[in-house]
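Dear colleague,

I am handing over the structure we spoke about, and below it you will find my notes on what turned up when I went through it. Please read them with the coordinates open beside you.

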Amino acid sequence: SSDLIEEILNKYPSKVAKKRAKSLVTNDPEIDQEIQSNIRTIPGIITQRGCCYAGCKGVILGPTRDIINIVHGPIGCSFYAWLTRRNQTDAGPDGENYMNYCFSTDMQDTNIVFGGEKKLEEAIREAYEIFKPHSIGVFSTCPIGLIGDDVHAVSRKMKEELDINIFGFSCEGYKGVSQSAGHHIANNGIFKHVVGLNNTDPGGKFKLNLLGEYNIGGDSFVLEKYFEEMGITLVSTFSGNSTMSQFENAHMADLNAVMCHRSINYIAEMLEKKHGIPWIKINFIGADATAKSLRKIAKYFEDEELMAKTEEIIAREMLEVQATIEDVKSRTEGKLCMMYVGGSRAHHYQELFGEIGMRTISAGYEFGHRDDYEGRKVLDSIKIDADSRNIEELDIVKDEANWRDDLVAKKTSLEDKGYGFSEYEGMMPDMEKNSLVIDDISHWETEKLIEYYKPDIIGAGIKEKYVIQKYGVPLKQLHSYDYGGPYAGFKGAVNFYNDIDKMVNTKIWGLIPPPWKNEPELVAKMADTAY
Ligand code: CFM
Ligand code: HCA
């Protein structure tokens with residue numbers, strides 16, 4: 001793939017090429033390799049990234065149903081984030097659920113000139129009067145930071161006046177280099193304003209928080225059933241199918257299981273620092289990964305009955321998994337896939353493709369950090385730049401009244417027996433030698449990769465979908481599942497094998513040559529002085 005990298009870089013102006021070169025790595029799982037990530041996208045490059053506001057409001061707080069999320073800003077930011085992420089929820093017939101609404105202060109020119117705090121106050125009051133929600137969150141879009149509206153002061157004032165939990169986020173779109181900054185800001189906000197508000201024991205013998213699972217296409221529903229059968233109390237999920245009361249109670253759990261490391265590692269770390277609750281990395285994408293993760297959770301609780309029940313579930317579910325693999329594998333074996341997704345799916349879905357004999361020849365994150373690629377062992381060597389310094393690190397201290405000495409002791413004793421905590425090895429060690437790892441892939445790079453590898457399928461998002469299909473390659477949306485799924489757990493794996501079998505074996509995308517293939521309308525040349 002070094003020829004391919006050279007060909008890609010050759011097209012760029014020299015300074016751009018030099019910079020991009022550090023984000024394209026020919027993988028060697030045997031050695032430690034560094035990949036440049038979590039830095040600004042070079043202006044002019046067509047990136048797939050989103051903004052800080054998207055990561056905060058859309059990703060982390062979006063899936064929680066009993067909070068009214070008011071977007072402070074012009075209407076577009078709210079409108080274009082209205083029900084675009086496929087996070088499902090189950091509020092029951094009478095439950096509180098505001099997820100299908102779109103709340104905005106709809107700022108106008110005059111508010112930009114004279115300030116929008118009054119308008120925000122009125123919006124909060126109006127939302128409260130109509131819905132009487134459990135909580136209200138306020139999300140700042142770009143102009144808010146530029147004109148200096150203080151969403152935190154307004155939130156404090158309204159919290160006092162209305163006597164419900166109200167808090168703001170300074171998650172202006174430009175606050176970071178991608179959605180990732182918004183995750184961190186959201187984690188901080190929930191931890192500061194919500195986690196720990198309720199000390200009631202959630203009950204049950206085994207108490208678990210599931211972190212970084214967002215119930216896309218109903219994934220959480222599948223997992224919740226396994227936990228219920230195992231007799232595990234799911235105290236909270238951050239944030240698929242969740243409520244604010246779950247978050248208030250999250251510090252009462254015995255273990256944090258982290259699914260998407262990128263978006264939620266901050267809460268896991270803070271819960272351990274403040275309350276002594278340990279965390280483990282798990283993955284419910286892939287049947288083997290699911291079995292491994294359920295076993296790891298069961299092992300933590302050191303209970304014979306729980307471990308036996310876990311094995312029973314795995315054995316039962318694996319029957320359908322194996323039968324489906326047997327059915328589809330003759331048609332999927334040896335096919336090639338490439339994946340470019342946000343910050344963890346490009347890693348997790350490789351297992352699922354692997355189970356039906358497909359190879360991932362190239363993968364990358366939109367906004368993962370070096371630890372998501374290379375493993376947490378590189379955390380101390382990550383350089384802090386102006387953009388990362390911009391995001392607050394909370395100063396967390398031990399909560400003596402709610403501190404779990406028993407869990408700290410449990411962690412030490414299990415560690416002595418070889419049980420791993422707080423570990424994530426990252427994506428690169430799991431990928432095959434000479435596969436191509438690319439951070440923040442550009443449109444141009446995607447096109448070159450298609451020509452070179454001729455993959456059988458690409459897993460990415462809506463921005464890539466139609467261009468890639470016009471190249472004759474099927475695209476599976478790994479964000480929304482193309483309205484299919486669920487894909488988590490054993491049931492999800494079966495769904496995925498079947499869907500992929502159909503997609504890689506249809507000839508439909510090769511039948512219609514796109515018009516621009518014969519007659520390109522626009523031909524442009526990039527100048528070396530442009531950057
Ligand atoms: Fe985590 Fe996610 Fe992802 Fe993500 Fe996202 Fe998402 Fe994603 Mo879209 S939290 S990093 S910010 S697994 S919304 S549910 S699919 S890009 S790979
Ligand atoms: C986001 C949300 C997104 C977008 C998906 C896509 C999602 O990043 O703001 O580009 O197809 O999963 O909905 O990642």
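For the residue classes used below, Ala, Val, Leu, Ile, Met, Phe, Trp, Tyr, Cys and Pro count as nonpolar, Asp, Glu, Lys and Arg as charged, and the others, Gly among them, as polar. Please keep in mind throughout that this is a predicted model.

With those classes in hand, the shell around ligand 1 comes out as 6 nonpolar, 6 polar and 2 charged residues. In number, 14 residues surround ligand 1, and the closest of them are Arg85, His183, Cys260, Ser344 and His479.

Turning to ligand 2, the residues around it are Ala54, Arg85, Gln179, Gly461, Ile462, Lys463 and His479, and by class this shell divides into 2 nonpolar, 3 polar and 2 charged residues. Arg85 and His479 are named among the residues around ligand 2, and they also stand in the list of those closest to ligand 1. Oxygen atoms of ligand 2 take part in several polar contacts: a side-chain N or O atom of Gln179 lies 2.8 Å from an oxygen of the ligand, a backbone N or O atom of Ile462 lies 2.7 Å from a ligand oxygen, and a polar side-chain atom of Lys463 is found 3.3 Å from a ligand oxygen. As for cover, ligand 2 taken alone exposes 360 Å², of which the protein buries 78%.

Two helix pairs are worth a look in the viewer. Helix H9 (residues 179–193) packs against helix H12 (residues 261–275) at an angle of about 30°, with the two axes 8 Å apart; since angles under 35 degrees count as roughly parallel, H9 and H12 are therefore roughly parallel to each other, and H9 passes H12 in a right-handed crossing. In the other pair, helix H10 (residues 219–230) and helix H14 (residues 304–332) pack at an angle of about 140°, their axes lying 9 Å apart, which makes H10 oblique to H14. Here, too, the crossing in which H10 passes H14 is right-handed.

A cis peptide bond, with omega about -5°, joins Phe238 and Ser239, and Ser239 lies in strand S7 (residues 232–239). Another cis peptide bond joins Gly485 and Pro486, where omega is about -5°; Pro486 is found in the loop between strand S14 (475–477) and helix H21 (489–504). Leu83, although it is not a glycine, has a positive phi of about 55°, and this residue lies in the loop between helix H4 (75–79) and strand S3 (103–104).

Conventions: Residues numbered from 1 in each chain as written. Chains lettered and ligands numbered in written order. Predicted model: local features only at pLDDT ≥ 70, side-chain atom pairs only at ≥ 80, totals over all residues. Heavy atoms only, no water. Near = heavy atom within 4 Å. Polar contact = N/O pair within 3.5 Å; in protein donor to acceptor, adjacent residues only side chain to side chain. Areas by Shrake-Rupley, 256 points an atom, 1.4 Å probe, with all protein chains shown as cover. Axes fitted to C-alpha atoms, helices over the stretch in contact; angles between N-to-C directions. Helix = DSSP H or I, 4+ residues; strand = E, 2+ residues; numbered from the N terminus. Parallel < 35°, antiparallel > 145°, perpendicular 65-115°, else oblique. Left-handed = near helix turned anticlockwise from the far one by under 90°.
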